[in-house]
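Hi,

Here is the structure I promised to pass on.

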Amino acid sequence: MANEKDELMIGGHAFTSRFILGSGKYSYDLIDSAINNAKAQIITMALRRNTTGKENILNYIPEGITILPNTSGSTNAEEAIRTARIARELSGSNFIKLEVVPDKKYLMPDNYETLKATEVLANEGFIVMPYMLPDLNIARQLVDAGAATVMPLGAPIGTNKGLSTKDLIQILIDEIDLPIIVDAGIGRPSQAAEAMEMGAAAVMANTSMATAGNIPLMAEAFKLAVEAGRKAYLAKPGRVIEHGAVASSPLTGVSAAK
Amino acid sequence: MVMVNGEQETGVVGETILDFLKKREAPIENIVVEQNGKIIHRADFDTTKISENDKLELISFVGGG
């Protein structure tokens, strides 16, 4: 998915940042510094019933940042489609992070309902970014249904556990001709860097920021990690020797003491 | 009876959506209104009236991942 400037292309839109920032579970006052430190160009948001007197998050979003609404709270395709239409009315853009999560304990996405919703929304012109449990067959069906990206989970939402599904994500990276954006579970910059080294097109994180002691500083750490991982991927990491060792220094010409 | 976000609301029948939102001091630019399951476009807020038995949903962007 890399072009000459190594931009991330999503639904015909180019981004230089490969780090998608969440806005949940921390003060709106910190959004601006988190975005700036992360150099993020996309920020996710949720939709909920408006309660009078609540703060307006849109007042905290800097100019030029792409809003990526999610369909969190949806437990089936029908609810997610409704939420996506509401999101588009509000954002004025076609981006939608499709989340269909009927399970309350592990917050596991329902891949089948996600696929159904993807098909409907893509036909309505949405740029559909489906969140999913990494599975090659469903990912291929999401491609056929018109998804713009595939967003496999690294670990359950909010756990900060990292790339528990690493091998399954690698299969998607290797086989799916869409940006693979690792979403959920990424808790440390090192995990984000690892996902990028593997060839993920981007990483999305929220809880890792929200639960950090210093949110803007952690946002910066993620930016550096995502950039480092991307550069490492482009540099093509060297091979691994499973047994034994290979010297880095010449084996000949070693000076003898006597 | 008019239901707003699942709660009973009185004295709003006949008001326009725009007047109703202003009265609530709701941030218009961050509100989607569904009237009986149908999205009311912002441009139509000032011409759409609230009727008896309406179910209104007022939805906004909030922080989320």
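**What I found**

Let me start in chain B: strand β3 (residues 32–35) of chain B runs antiparallel to β5(B), and 4 bridges join the two. Val32(B) has Ile59(B) as its bridge partner in β5(B). Strand β1 (residues 2–4) of chain B also pairs with β5(B), in the parallel sense and over 2 bridges, with Met3(B) opposite Lys55(B). Two strands pair here if DSSP finds at least two bridges between them. Helices (H or I, at least four residues) and strands (E, at least two) are DSSP runs, numbered from the N terminus.

A word on the ground rules: this is a predicted model, where local features need pLDDT of at least 70, side-chain atom pairs count only at pLDDT 80 or more, and totals for chains, interfaces and linings use all residues. Residues are numbered from 1 along each chain as its sequence is written, while chains are lettered from A and ligands numbered from 1 in the order in which they are written.

**Where the chains meet**

The strand β5(B) matters for the next part too. In total, 19 residues of chain B are in contact with 25 residues of chain A (contact: C-beta atoms, placed from the backbone, within 7 Å). Strand β5 (residues 55–63) of chain B gives the largest share of chain B's side, 7 residues. By class, that side has 9 nonpolar, 6 polar and 4 charged residues. Here Ala, Val, Leu, Ile, Met, Phe, Trp, Tyr, Cys and Pro count as nonpolar, Asp, Glu, Lys and Arg as charged, and the others, Gly among them, as polar.

There is strand pairing across the two chains as well: strand β4 (residues 42–49) of chain A and β5(B) run antiparallel, joined by 5 bridges. Arg48(A) has Ser60(B) as its bridge partner, and Arg49(A) stands opposite Ile59(B).

**Chain A overall**

Chain A has 8 helices and 10 strands. Its radius of gyration, taken over C-alpha atoms, is 20 Å, close to the 18 Å that the globule rule gives for 258 residues, so chain A is as compact as a globular protein of that length. (The rule is 2.2 Å times the number of residues to the power 0.38.) Along the principal axes, its C-alpha atoms fill a box of roughly 85 × 40 × 40 Å. Of its 258 residues, 46% count as buried; that takes 20 or more other C-beta atoms within 10 Å of a residue's own, against 12 or fewer for exposed, with partly exposed in between and C-beta atoms placed from the backbone.

One open sheet in chain A has 3 strands in the order β6-β7-β8, with parallel pairing. Its edge strands, each pairing on one side only, are β6 (95–98) and β8 (151–152).

Strand β10 (residues 202–205) of chain A has parallel partners too: strand β3 (residues 19–21) of chain A, over 3 bridges, and β9(A), also over 3 bridges. From β9(A) the chain crosses through α6(A) to β10(A) in a right-handed β-α-β crossover (right-handed: with the strands pointing away from the viewer, the path from the first strand over the helix to the second runs clockwise). In β10(A), Ala202(A) and Met204(A) point one way and Val203(A) and Ala205(A) the other, and all are buried.

**The annotated site**

The unreviewed UniProt entry has a "binding site" annotation that covers Gly158(A), Ala184(A), Gly185(A), Asn206(A) and Thr207(A). UniProt positions are given in the numbering used here, feature names are shortened, and annotations may be inferred rather than shown by experiment. These residues are spread over 50 residues of sequence but cluster in space, with a largest C-alpha distance of 9.0 Å.

Gly185(A) is in the loop between β9 (181–183) and α6 (189–198) of chain A. Gly185(A) counts as buried because it has 23 C-beta neighbours inside 10 Å.

Thr207(A) is in helix α7 (residues 207–210) of chain A and is buried, with 20 other C-beta atoms within 10 Å. Leaving aside neighbours within four places in sequence, Thr207(A) is in contact with Lys25(A), Gly158(A), Asn160(A) and Gly65(B).

Happy to talk it through.

How values were computed:
Contact = placed C-beta atoms within 7 Å.
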